[in-house]
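Visitor: Hello! Could you walk me through this model, one question at a time?

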Amino acid sequence: MKRLINRLRGRHYPLTGQIIWLTGASSGIGAALVPVLAAQCRHLVISARDISSLMPIAEQYANVSAMPADVTDPQSLALVAHHIDEVFGYIDTLIANAGTCEYLDVGQFDAALVRRVMHTNFDGLVNTVAAALPLLRASQRGYLVAVSSSVTWLPLPRAEAYGASKAAVDYFAKSLRLDLAQEGIDVSLVAPGFVKTPLTDRNHFAMPMRISAEQAAQAIVAGMQQHQHSIHFPKGFTRILRLLGALPDCLQWPLLKLFTRSQRKPRA
Ligand SMILES: NC(=O)c1ccc[n+]([C@@H]2O[C@H](COP(=O)([O-])OP(=O)(O)OC[C@H]3O[C@@H](n4cnc5c(N)ncnc54)[C@H](OP(=O)(O)O)[C@@H]3O)[C@@H](O)[C@H]2O)c1
């Protein structure tokens, strides 16, 4: 029904006929996006560092090709962009999904860990945009989807590096949206709650309302088809997080302290 209303309002953006570049497609949310995108688009280029994980995914579809690329290495991204330029001359959609997560143990403060996470999540996304922008400009309907996180709405314990890297992504993408609007290129931010992937399988804490990677992929594509500027899910979780994030400090702080205490590891 909602889709029909959006169609009537002229706010439906089909993936049919699109050339799409998806980073971080070798596992988790990225890998789950592949079948959903491949079923609708004209061609999907998938990238990640581990080509041996990407190839078996790509081989399942006639319209998917895989290329290795490390988002922290602009040269490897330039090779993918060059290949796309040679074959297609443009992309309609870039999904900058590659990312990592490491938690900080403040007792053993590790600046290198923070730099590592920032480098992959923020510098990596900027590098990806730099490589893909000329290809998006060559499309009639350029669209950039940046995968961030709902963590940016509320400071969470041990998430200093991850949260800061995704907050940087948020600001970058929102600002970029303003500047690229003049060129007809739209920008969406994806803010997942907890999704079951190899990334969260490493977590040793409770992950309320965690959904499957397949559910996440469906939510992302549904949001993309409406060019929602903020694609967030699962709604029950992200709305609570947003509400807590909007509380005045005098109310938010005691709640956060309570949460931090419950997450603290007992001292040996
Ligand atoms: N899972 C969640 O609950 C959750 C919540 C909020 C946001 N997110 C975000 O969603 C995105 C996908 O996460 P996920 O949970 O699906 O994690 P995942 O299963 O660990 O997948 C991460 C993907 O990124 C790729 N990647 C990592 N570092 C890279 C690099 N330097 N260069 C190129 N590719 C790289 C990995 O492939 P290679 O290792 O082969 O390069 C892999 O394909 C991330 O941006 C993450 O921050 C996830």
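Visitor: Is Ala167 buried, partly exposed or exposed, and what is its relative accessible area?

Guide: Good place to begin, and first a word on the model. It is a predicted model, in which local features need pLDDT of at least 70 and side-chain atom pairs count only at pLDDT 80 or more, while totals for chains, interfaces and linings use all residues. Residues are numbered from 1 along each chain as its sequence is written, and side-chain values use heavy atoms, with hydrogens and water left out. Buried means under 20% relative accessible area, exposed over 50%, and partly exposed in between, using a 1.4 Å probe and protein chains only. Ala167 is therefore partly exposed, with a relative accessible area of 36%.

Visitor: Where is Ala167 found?

Guide: Helices here are DSSP runs of H or I with at least four residues, strands are runs of E with at least two, and both are numbered from the N terminus. By that numbering, Ala167 is found in helix α6.

Visitor: What distance separates the C-alpha atoms of Ala167 and Val151?

Guide: Along the chain, Ala167 and Val151 are 16 residues apart.

Visitor: Let's turn to the ligand. Which of the 29 residues around it come nearest?

Guide: A residue counts as near a molecule or strand if one of its heavy atoms lies within 4 Å of it. Of the 29 residues around the ligand, the nearest are Ser26, Arg49, Tyr162, Val195 and Thr197.

Visitor: Which residue has a polar backbone atom 2.8 Å from a nitrogen atom of the ligand?

Guide: A polar contact is a pair of N or O atoms within 3.5 Å; within protein, one must be able to donate a hydrogen and the other to accept it, and residues adjacent in sequence count only if both atoms are side-chain atoms. Ser26 has a polar side-chain atom 2.7 Å from an oxygen atom of the ligand. Lys166 has a side-chain N or O atom 2.9 Å from an oxygen atom of the ligand. The backbone atom you asked about, 2.8 Å from a ligand nitrogen, belongs to Val71.

Visitor: How much of the ligand's area does the protein bury?

Guide: Accessible areas come from the Shrake-Rupley method with a 1.4 Å probe, and for residues only the protein chains shown count as cover. Taken alone, the ligand exposes 870 Å², and the share of this that the protein buries is 93%.

Visitor: Which element gives the most residues to the shell around the ligand?

Guide: The elements giving two or more residues to this shell are α2 (28–38), α6 (160–181) and α7 (198–201). The element that gives the most, with three residues, is α7.

Visitor: How many charged residues does the shell have?

Guide: Ala, Val, Leu, Ile, Met, Phe, Trp, Tyr, Cys and Pro count as nonpolar, Asp, Glu, Lys and Arg as charged, and the others, Gly among them, as polar. The shell has 13 nonpolar and 12 polar residues, and the number of charged residues is four.

Visitor: Now for the rings. What is the distance centre to centre between Tyr103 and Phe205?

Guide: Rings of Phe, Tyr and Trp (its six-membered ring) pair if their centres lie within 6.5 Å; planes under 30 degrees apart count as stacked, over 60 as edge-to-face and the rest as tilted. A search of the whole structure finds four aromatic pairs. Tyr103 and Phe205 form an edge-to-face pair, with 80 degrees between the planes and a centre to centre distance of 5.7 Å.

Visitor: How many residues apart are Tyr103 and Phe205?

Guide: Tyr103 is in the loop between β4 (93–96) and α5 (111–137), whereas Phe205 is in the loop between α7 and β8 (211–212). The pair links distant parts of the chain, and the separation is 102 residues.

Visitor: Where is His232 found, and which residue does its side chain join in a polar contact?

Guide: His232 is found in strand β9 (residues 230–233). His232 has a relative accessible area of 8%, so it counts as buried. A polar contact of 2.7 Å joins its side chain to that of Thr238.

Visitor: Which residues does a cis peptide bond join?

Guide: The bond has an omega of about -15 degrees.
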